[in-house]
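Open the model in your viewer and keep the selection tool at hand.

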Amino acid sequence: MTDATEHAETPALSVRDLDVVFTAEYSGDSDVHAVDHLSFDAHAGEVLAIVGESGSGKSVTVQALLGLLPQYASVTGTLSTADERTFDLSDPAQLRDLRGTHVAMVFQDPYASLDPVFTIGRQLAEAVAVAEPSLDRKRVRDRVNELLDDVRLGDVEGIAGKYPHELSGGQLQRIMIAMALAEHPQVLLADEPTTALDATVQQEVLDLLYSVCHDLNIATIIITHDMGVVADIADRVLVMHYGRFVEHGTVDEVFRAPKEEYTQKLLAAVPSADGTDHVPESKSGEPFDDVKPLLDVNHLTVSYRDRSGKVKEVVHDVGFSIRPHEVLALVGQSGSGKSTIARSLLGLNPLTQGKVLIDGKDIFALRRRERRAVQARFGIVFQSPSESLNPRLTIGDIIAEPLRFVGHMNRKDSRNRALELLDTVHLPADVIDRYPSELSGGQRQRVAIARAIALNPSLLIADEPTSALDVSVQAEILDLLRGLQRRIGFACLFISHDLPLVRSFSDRVIVLHNGNVVESGDTDELFTHPHQDYTRNLILSAPVANPRIQRARRSERSNSPSNHPIPSKGTIK
Amino acid sequence: MSIENTAVPSIATAAAMHGAKDNVIQTVSDATASDTVGRTTADHATRSSHSLLRNPLFAGGLAVTLAIVAACLAAPLLTRYAPNDIDLNSLEVAPSATHWLGTDALGRDIFSRLLYGGRMSILVGLAAVALQIVIGVTLGTVAGYHKGIVDAIVMRISEIFQCFPFYPLAITIAAVFGANVWNVVLIIGVLQWPGLARLVRAEVLSLREHAFVDYSRAIGVPTWRILWNGLVRNCIPVIVVNGTLAVTTAILSEAALSFLGLGVSQPDPSWGNMLSSAQNFRVLSYEPWMWIPPGVAIALLVLAVNAMGEALQEHVRPRFGYIADIAPSHRH
């Protein structure tokens with residue numbers, strides 16, 4: 001086996017023969033080999049990215065290194081540090097010395113990792129006091145300020161006195177990094193540190209991790225599924241698949257000439273934002289201008305009254321129309337109001353103002369029965385297939401739900417139609433009697449799509465249909481949607497924060513920010529010549545799976561440090 | 001509802017809720033399979049039933065419950081005397097080979113009355129809980145789904161029911177409407193539903209935010225369908241666990257009311273009215289065979305059912321799994 005170990009100097013962290021098995025007692029009928037004899041090194045001042053899809057064992061690897069796995073996991077292997085101490089990974093008690101002093105961790109979700117009832121300053125001070133018990137109060141305070149400077153939060157007014165809920169997701173993730181740094185670690189482990197963040201905020205956090213690694217000479221191991229993130233900050237890449245080592249190399253080697261088939265597949269699945277893989281034929285590509293719109297949204301405004309009675313407007317005077325067979329994308333960061341618009345169209349939350357016309361009829365002015373008939377023309381695909389399928393119903397019953405209770409089909413016909421639909425979405429017929437929990441994420445999303453097209457919709461509303469899925473599955477689902485769209489010819493309202501995806505799928509794009517339309521236009525036109533700064537920054541902040549482009553962007557950013565003008569609210573998705 | 005087709009307390013009720021699955025184990029595993037919505041794996045269901053049966057608390061409780069229920073159902077085969085046969089030649093005789101547990105003040109065989117009385121106690125326990133489930137689940141689901149004014153009304157009503165102490169109210173009602181089995185069932189069912197209703201409501205409040213409920217609402221699925229498929233069926237773990245625990249309360253309430261002469265009335269035996277012989281000081285002091293058997297029977301059954309309930313509760317509590325995150329295709 002080629003291991004990820006060749007390098008000149010002594011590594012800051014060296015893992016040999018790490019093996020993790022979840023024993024049969026817990027996992028059911030058989031042992032699960034989560035990590036299979038993995039060896040790798042992490043060097044000071046270098047970012048090592050461990051990449052893989054869900055189930056690849058990448059997170060389990062990190063947890064094994066910290067001794068955080070539960071009892072029923074049997075772990076073997078060794079870990080050695082730069083000062084030549086060696087630890088036996090099968091003994092979590094030994095690893096306690098390692099945690100904090102030598103290895104520090106940054107988790108995925110900063111909200112879950114910080115205590116909501118204490119101020120940021122106090123929580124940082126606690127971390128400092130644990131790391132360096134000899135410091136007196138004043139020196140602890142100095143160290144806290146130093147750490148805040150290190151993560152570039154030093155000039156945020158009064159930040160030490162604030163509570164976690166008063167800060168943005170990006171700021172919180174920086175606080176988490178500061179806490180990790182409090183202990184002067186030689187190795188920093190980051191498990192999907194930006195997955196919960198918006199693209200623009202993600203970039204800030206990645207930049208910070210990059211500079212922490214290189215300026216403070218800390219070996220950084222980042223776990224991610226996102227090839228864009230890898231291209232952006234990694235020096236070296238280790239690819240894992242089902243617990244096994246697949247490939248290791250410098251970021252340029254792996255991206256330019258991936259040796260293994262799996263790596264090639266992984267890279268091929270990423271839609272590229274520079275449009276190089278963009279095939280115009282994949283879209284419906286007809287001229288739309290003289291066609292009457294299918295859906296017409298006018299002056300849509302949605303506002304909530306919050307607890308204090310203040311009115312908060314989340315969507316402000318948005319108007320757009322979708323013509324038959326057209327794919328329109330709503331793009332924006334979290335909090336931009338894109339999902340709220342979809343929910344309003346579906347009647348799931350009330351509009352404050354505005355009109356939604358279908359074929360010229362105002363749906364919310366219709367009587368209940370007529371409105372039902374209109375609603376039946378919508379197909380819906382939600383983000384998370386595990387949330388949107390009722391866990392208590394069989395796949396057959398799930399697909400039959402719209403057929404029976406909206407389309408008024410009888411049980412037998414609806415079952416036959418469900419079988420047909422399963423075939424349409426390329427699922428075997430025998431899943432019809434299984435439960436959603438028995439299917440993989442991609443299979444579940446196929447079921448959701450089968451259900452969405454059951455009544456031959458004229459409009460499909462897809463709210464982030466692929467963002468809960470693995471990269472290679474994302475590509476499959478998108479291909480399926482594209483094929484169905486061409487065959488059935490429904491119009492589609494495609495909601496996404498993922499710009500490369502939008503570029504490859506939609507005909508027109510509307511960019512939203514804080515509930516307002518920033519810009520709209522033809523997809524190619526908008527991506528190549530964005531008129532607004534906001535759109536331009538949004539396009540640039542999505543990391544591209546190409547190390548060369550990412551390096552060029554990074555140096556551009558560092559040359560003009562003030563060039564971060566995105567007025568980001570930085571909320572967690 | 002006859003005793004014969006309600007084999008094991010709560011599980012039978014769960015099966016009825018779920019659509020007539022008669023295999024006990026299968027129903028339990030079904031009920032617990034999706035304790036955390038959408039976060040379970042294929043093997044979870046099978047693993048559930050295995051590990052549940054391996055749990056000594058559950059296995060022991062189930063064994064004792066089944067033994068008691070089987071003995072009560074098989075009463076005609078196991079006893080030599082009819083429960084209400086009066087034998088004036090052997091009044092208040094101590095346990096012997098002819099009367100295994102002795103006779104009572106009217107010369108009736110205690111062993112025979114114990115088994116037939118068990119039928120009554122178990123019937124009351126199950127029927128009262130079934131009534132509680134019907135009322136509690138219906139009101140809890142509707143309140144949780146509609147929120148707002150409906151919720152407020154249902155919750156205030158449930159609070160009114162909860163703010164009266166159970167026994168004084170139950171005794172008053174029994175005294176007014178007369179002592180018989182069905183009145184006892186009604187009293188327990190109607191007075192005890194608020195607990196279950198509140199639990200179901202809390203569960204529904206969180207379930208209704210799931211995307212699958214949104215989906216059904218958005219495409220215009222009728223509300224009753226959403227309530228049943230989307231909400232009630234996902235509440236089954238809560239209903240099974242709390243229904244099981246409620247059976248014990250109902251059995252104890254029946255015993256208490258019958259003891260006071262306000263429940264199952266003589267000559268029909270029930271464990272509670274058998275105990276009422278102990279109201280007599282002489283019986284209490286010198287003739288323990290009259291009250292120890294029903295007392296022990298009640299204690300055993302209640303402990304056993306409770307043990308099952310506790311084990312079920314432990315079992316459906318969501319836990320953090322690493323296994324669930326690993327795709328099933330690479331098991332070896």
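Start by selecting strand β13 (residues 327–331) of chain A together with β19(A): the two pair in the parallel sense over 4 bridges. Strands here are DSSP runs (E, at least two residues), numbered from the N terminus, as are helices (H or I, at least four); two strands pair if DSSP finds at least two bridges between them. This is a predicted model, in which local features need pLDDT of at least 70 and side-chain atom pairs count only at pLDDT 80 or more, while totals for chains, interfaces and linings use all residues. Residues are numbered from 1 along each chain as its sequence is written, and chains are lettered from A and ligands numbered from 1 in the order in which they are written.

Next, select Val509(A) in β19(A), which stands opposite Ala329(A). In β20(A), the bridge partner of Val509(A) is Gly521(A). Strand β20 (residues 516–522) of chain A runs antiparallel to β19(A), joined by 6 bridges. In the hairpin of these two strands, 2 residues lie between them, and Asn514(A) has a positive phi near 50°.

Is strand β19 (residues 508–513) of chain A enclosed or open? It is largely enclosed by the rest of the structure, because 5 of its 6 residues are buried (20 or more other C-beta atoms within 10 Å of a residue's own, with C-beta atoms placed from the backbone).

Now select Phe494(A). Leaving aside neighbours within four places in sequence, its contacts (C-beta atoms within 7 Å) include Val327(A), Ala329(A) and Phe505(A).

Note on methods:
A residue is buried if 20 or more other C-beta atoms lie within 10 Å of its own, exposed if 12 or fewer, and partly exposed in between; C-beta atoms are placed from the backbone. Two residues are in contact if their C-beta atoms, placed from the backbone, lie within 7 Å.
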